[in-house]
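Hi,

Here is the model we talked about. My notes follow below it.

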Amino acid sequence: MSLVFDGDGAASTSAGSQKALRVRNIELVVGTLGNDGPQTQAMLARRTRLSPGTISSIVHELAAQHRVSARSTISAGRRAVEIALVPDGRVVVGVDVGRAHLRVMGMDSGRRTFGMRSTALPAAHVPAETLAIARHMVDELLTEHGVNRSDVVLCGVAFPASLTPVTGSVVQASVLPGWAGIDLAEATSRALDLPVLLENDANLGAIAHASAGPFTGVRCLVFVKVGTGIGAGLAFDGRLYESASGIAGEIGHFQLVDDGEVCTCGSRGCLETVASTRNIVADFARIRPDDHVDLDDVIAAVTAGDPAAMRLLHNAGAQIGRAVAPICNLLSPDVVVVGGPLARVGAALFDGLVQSTRQRSLPAATKHTRFVMSDLGDHAEVHGACLLALRRVMAEGHVRASN
Ligand SMILES: [Zn+2]
């Protein structure tokens, strides 16, 4: 702001400062609601460090402009009123490219999700085919919900691999062999005909839980994804921890067995070679040698209370706990969320993981740690992809034409 030193300069500058401050505070409140989702006025005051009176006045003004709405909720066991942004017509899309699945979902600017759908992908799938399927699924989703393509401002895309922060290329080629060596951001944006934002899938699981729901903004949240691969995402104060290399949270390559099976990373005996869903299915096949089994059969057996299948999952959880325990000693996290396709089968894997983690870490380090199964199941990553995109849109206020 420029200062004008004339007769009534002091007065007009003061009035201008007040107005500018008010605009900044309104932007801060809108940005916080966009970043952290619906919340009470008390939470808004804590996060923005504005006084309760200022928050109340701003919420009143925004409500009169129909930019926010109030809704009843329960907070800390008590009835409370949450303030939420009113959707403004802008939409983001999330795409989760897995090693064996593809999932898409939409989210409006009020954080309401719509149109989730998924399909299986063949082993060793390659970009051209997979991205063409993704484009088709996104188009279907938009048509079904009457959303114009021009209203989609950004698309978050999850990949089951570490990505180089600047180029978005796959750091570890062995994880998605057919996807290595290409400009992933450019290829994805061109195929989907949308601006894109790429991120590792476990990181997006962390975002899904650290920027929405009961753990929004907690000091330290660890998301552990158990799937064909095993990885972790870290979020501090609701913000994703992003390393310069793009490689962080790769707990799947924690070495458990010195001379074990060769891993995709070239090492031997990594956690991923012992406790991934691939191992669980292979072990289950030994119990059911007459059947061709897949993960759904394991899940069905566990759901039916099959003791052998439950024991397999418990043992896998115990192995994963060996890698989660040192993370707990290092970070003493507030929350550890366990996600991936096995999240929906409940206690078998989870109990093994928690017991093993507690047994192998300092009691004081996990004394206040809450261990939970992801309530988003295997949708956490696509949910996180939408939230990441929406947060970027809210933070920038506009979107670049392409990535
Ligand atoms: Zn490895």
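The zinc ion has four protein donors: His253 (ND1), Cys263 (SG), Cys265 (SG) and Cys270 (SG), at 2.0 to 2.3 Å. Donors here are N, O and S atoms within 2.8 Å of the metal (3.2 Å for Na, K and Ca); water is not among the atoms, so sites may look incomplete. The site is tetrahedral, with angles of 103 to 126° among its 4 donor atoms (four donors, all angles between 85 and 135 degrees). The donor spacing in sequence is H-x9-C-x1-C-x4-C.

On provenance: this is a predicted model, where local features need pLDDT of at least 70, side-chain atom pairs count only at pLDDT 80 or more, and totals for chains, interfaces and linings use all residues. Residues are numbered from 1 along each chain as its sequence is written, and side-chain values use heavy atoms, without hydrogens and water.

Cys263 is buried at 7% relative accessible area (buried means under 20%, 1.4 Å probe, protein chains only). Cys270 is buried too, at 1%.

Thr273 sits in helix α7 (residues 272–275); helices are DSSP runs of H or I, at least four residues, numbered from the N terminus. Thr273 is buried at 7%. Beyond neighbours within four places in sequence, Thr273 contacts Glu261, Val262, Cys263, Arg278 and Asn279 (heavy atoms within 4.5 Å).

Next, a helix pair. Thr277, Ile280, Val281 and Phe284 in α8 meet Leu295, Asp297, Val298 and Ala301 in α9.

Best wishes

Notes: Four donors count as tetrahedral if all angles lie between 85 and 135 degrees; four count as square planar and six as octahedral if opposite donors are over 155 degrees apart and all others between 65 and 115; anything else is irregular. Buried means under 20% relative accessible area, exposed over 50%, partly exposed in between (1.4 Å probe, protein chains only). Helices (H or I, at least four residues) and strands (E, at least two) are DSSP runs, numbered from the N terminus.
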